[in-house]
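Reader: Can you walk me through the pockets in this one? I'd like to start with what lines them.

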Amino acid sequence: MIQGVIFDMDGLMFDTERIWATLWAPALERLGQPAPTEAFVAGARGLAGENMLHYLAENYPACDPQQLLDAVNELGRTALANGAPAKPGLFELLDWLEQAGIPRVVASSSTRETIDRYLRIADIERYFAARVSGQDVAFSKPDPAVFLEAARRLGLPPEHCLVLEDSFNGVRAGHAAGAVTVMVPDLTQPTPEIRALCTACCKTLLDVRDLLAAGRL
């Protein structure tokens with residue numbers, strides 16, 4: 001039985017991934033590096049921390065990966081200064097969970113400041129009992145650390161938590177944590193491997209609400 005819900009943020013709650021995808025080209029141009037391929041941009045989705053730095057080093061060995069990441073993050077702070085549009089069904093799902101008395105936590109690879117800013121701009125801070133950021137754990141997704149910490153803050157075993165994710169690495173992390181994991185794809189549709197790790201794959205967060213209301217999660 002689901003007793004708590006753990007929300008990813010970028011691409012799941014807010015339509016940020018499309019914006020981040022446009023920032024690699026100007027960041028690389030600033031550093032005198034070749035323009036990114038579509039495959040590179042797709043491969044960067046859902047990465048954070050050391051996993052992101054390794055990915056950048058492999059694809060742009062002539063560039064300092066931290067310098068490149070800093071350039072992208074600087075552009076992102078400007079582009080997303082006013083937040084991003086909420087994904088369809090977010091408010092409806094949060095209202096349903098509130099009425100059902102099911103607690104919620106945000107667990108994101110983003111910084112705590114970024115999480116707090118997005119929630120504040122969207123006026124949904126009150127819906128969440130806690131936030132877990134990439135700064136709160138030693139390892140980033142697909143390691144399950146961020147979701148295990150979120151379950152701990154809910155005071156629940158992971159198997160009684162629902163993890164909502166849009167990225168491949170997020171799904172892998174949710175599954176590794178032992179949580180019920182549902183994918184709501186954003187820019188990338190699930191592969192057979194990813195589908196096998198999910199309890200369900202939903203088109204929108206409204207579908208998640210409907211599955212919960214029907215007792216199917």
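**Pockets and overall shape**

Author: Helix 1 (17-21), helix 3 (38-44), helix 4 (49-59), helix 5 (65-79) and helix 7 (112-122) each put at least two residues into the lining of the largest pocket. Helices here are DSSP runs of H or I with at least four residues, strands are E runs of at least two, and both are numbered from the N terminus. This is a predicted model, where local features need pLDDT of at least 70 and side-chain atom pairs count only at pLDDT 80 or more, while totals for chains, interfaces and linings use all residues. Residues are numbered from 1 along each chain as its sequence is written, and side-chain values use heavy atoms, with hydrogens and water left out.

Reader: Which helix gives the most to that lining?

Author: Helix 5, with six residues.

Reader: What volume does the largest pocket have?

Author: About 1100 Å³. Its lining has 44 residues, and Leu-47, Ala-48, Asn-73, Ser-109 and Ser-110 are the closest to the centre. A pocket is an open set of points on a 1 Å grid over the protein atoms alone where a 1.4 Å probe fits, with protein on both sides within 12 Å along at least five of seven lines; lining residues have an atom within 4 Å of a point. The volume is the space filled by probe spheres set on the points, which are joined across faces, edges and corners.

Reader: How do the residues of that lining divide into nonpolar, polar and charged?

Author: 17 are nonpolar, 16 polar and 11 charged. Ala, Val, Leu, Ile, Met, Phe, Trp, Tyr, Cys and Pro count as nonpolar, Asp, Glu, Lys and Arg as charged, and the others, Gly among them, as polar.

Reader: And what volume for the second largest pocket?

Author: About 220 Å³. The second largest pocket has 14 lining residues, with Ala-42, Arg-45, Ser-167, Phe-168 and Thr-188 nearest its centre. Helix 3 and helix 9 (168-177) are the elements that give two or more residues to this lining. Helix 9 has the largest share, three residues. By class, the lining holds four nonpolar, five polar and five charged residues.

Reader: Changing topic, how many helices and strands does the chain have?

Author: 11 helices and six strands.

Reader: What share of the residues count as buried?

Author: 52% of the 217 residues, where buried means under 20% relative accessible area (1.4 Å probe, protein chains only).

Reader: What box do the C-alpha atoms fill?

Author: Roughly 55 × 35 × 30 Å, taken along the principal axes.

How values were computed: Buried < 20%, exposed > 50% of the residue type's maximum accessible area, 1.4 Å probe, protein only.
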